[in-house]
Amino acid sequence: MTKPPHKLSKPLLGGVDAPLRSRPRRRRDPAQPNLPLDAMPVRIDPCLALLKARPPKGDDWVYEIKWDGYRLSVHIEPTGIRILTRGGHDWTDRFPAIKQAALWLPVGTAILDGEAVVLDEQGRSDFSLLQQSLGGRGGKKSSSDAIFMAFDLLYFDGHDLRDSELDMRRHLLEDLVPAGGEGDIRLSEEVDADGDVLLRVACEHDLEGIIAKRRSAPYRPGRLGDWVKIKCVQSDSFAIVGYEKSGSAFGKIGALLLAARTGGELVYVGSVGTGFNERSAAQLREAMDKIKAPAPAVEYSGRRKNIVWIKPTLIAEVEYRAWTHDGKLRHASYKGLRERQDNAVTHLADKNDLIVD
């Protein structure tokens, strides 16, 4: 049996017979529960995939299926769960099932990076189903149908993992979210295959495409080439910078003028004049007429007339067949508007990588 501690006959004394006392303890900062460990980031800017036409080769690359949804980070904190969009907006209340699943994970603190998706009957992510579950573009509904496909772990029980290699981060993630799960937080599994073969199989199954990631890379924000996306059907998000008026088309919109980012600037990448219906064109026209601009946000030397320039705040999802030699979209078709919270304007890679015959 352990003996009780021996009681001192009198307190330890200081220089003038005053008892020695320790200094008062400061209140603990809940954002840093273990001081020798790393403080938990309030928000992390995401690592983004650079668009390429072909999968990169080499032993340093691993592959995953590309999910078509909303990019999110799930923060498991001492005070509760936070779910943030790519732009930093708090959407915790819009994904109650994901929030509950995060509470059940066997971890004290963590930040998971991934994608909220809604799966169709064949198990494929469907962006339109996700938007419908949230009440449509600009809607405020909560989605109980969305699940979270986790593909990275950035913070884990007091340790900031961003400087660690992807292989290390994935090892810890797979312990936390095991492969093959059927819950509302699931693992986006790595696929051991040749990149070209995996892309072909993904396209045969009508998936959006694949993602390639560099094994040895740390987690860095922005599109620096550590992550690459290769799509089956070329589809990306572009800023609408203006429209050509037409007396006969839906909404009197002859074509939308589009821009993408290169470096820190917007550049004109062509137009899209198909894919509208009467309802979508009317909604577009109403939104664009509220944000007219006196001058274009891009350099424009095209031949279109009757152009109305607008502020580049509306983001269009556009399918296209390829890129021309001078960096314009070929055979483009309008698919819809994306949420501004996504910060989703496409960032162009090298033109030689984008041109597809």
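Here is a walk through the structure shown above, from the whole chain down to single residues.

What you're looking at is a predicted model, in which local features need pLDDT of at least 70, side-chain atom pairs count only at pLDDT 80 or more, and totals for chains, interfaces and linings use all residues. Residues are numbered from 1 along each chain as its sequence is written, and side-chain values use heavy atoms, with hydrogens and water left out.

Let's start with the big picture. The protein chain has 6 helices and 19 strands. Helices (H or I, at least four residues) and strands (E, at least two) are DSSP runs, numbered from the N terminus. Of the chain's 357 residues, 47% count as buried. Here, buried means under 20% relative accessible area, exposed means over 50%, and partly exposed is in between (1.4 Å probe, protein chains only). The accessible surface comes to about 19400 Å², and 49% of that belongs to carbon and sulfur atoms. Those areas come from the Shrake-Rupley method with a 1.4 Å probe; for residues, only the protein chains shown count as cover. Now think about contacts, meaning heavy atoms within 4.5 Å. Among contacts between residues at least 6 apart in sequence, 67% join residues at least 24 apart.

Next, find the open sheet of 5 strands, in the order E1-E11-E10-E2-E9, with mixed pairing. Strands E1 (50-51) and E9 (190-191) stand at the edges with a single partner strand each, so one side of each has no neighbour in the sheet. Two strands count as paired if DSSP finds at least two bridges between them. Strands of a sheet pair through backbone hydrogen bonds, either parallel or antiparallel. E1 and E11 (residues 227-231) go for the parallel sense, over 2 bridges. To see one of the pairings, look at Leu-50, whose bridge partner in E11 is Val-228.

Helix H4 (residues 195-204) lies across E2 (61-65), E9, E10 (209-214) and E11, running at about 155° to E10. That angle is taken between N-to-C directions on a scale from 0 to 180 degrees, with axes as lines fitted to C-alpha atoms, for helices over the stretch in contact.

A disulfide is a covalent bond between the sulfur atoms of two cysteines. In this model it is called as a pair of cysteine sulfur atoms within 2.5 Å, and a search of the whole structure finds 1. It joins Cys-203 to Cys-232, with 2.2 Å from S to S. The pair links distant parts of the chain, 29 residues apart: Cys-203 is in helix H4, while Cys-232 is in the loop between E11 and strand E12 (235-245). The link is left-handed, with -95° about the S-S bond. Are these two cysteines buried or partly exposed? Cys-203 is partly exposed at 29% relative accessibility, and Cys-232 is partly exposed at 23%. Cys-47, at 2%, counts as buried. Leaving aside neighbours within four places in sequence, Cys-232 is in contact with residues including Leu-199, Ala-202 and Glu-208. The C-alpha atoms of Cys-232 and Glu-208 are separated by 5.7 Å, though the two residues are 24 apart along the chain.

In H1 (residues 96-104), Ala-97, Ile-98, Ala-101 and Ala-102 are buried. They cover an arc of only 140° around the axis, which puts them on the same side of H1. The arc is that of the directions from the helix axis to the C-beta atoms. An α-helix has 3.6 residues a turn, so residues three or four places apart point the same way. What covers the buried residues of H1 includes strands E3 (70-77), E4 (80-85) and E5 (110-117).

In H3 (residues 166-176), the buried residues are Leu-166, Arg-169, Arg-170, Leu-172, Leu-173 and Leu-176. They cover an arc of only 165°, which puts them on the same side of H3. Their cover includes E2, E5, E6, E8, E9 and E10.

Strand E5 holds Asp-113, which counts as buried at 2% relative accessibility. Beyond neighbours within four places in sequence, its contacts include Arg-71, Phe-148, Tyr-219 and Trp-227.

Finally, visit strand E16 (residues 315-319). Since 4 of its 5 residues are buried, E16 is largely enclosed by the rest of the structure. E12 and E16 run antiparallel, joined by 5 bridges, and Ser-237 has Glu-317 as its bridge partner in E16. E16 is also joined by 5 bridges to strand E19 (residues 333-338), again antiparallel.
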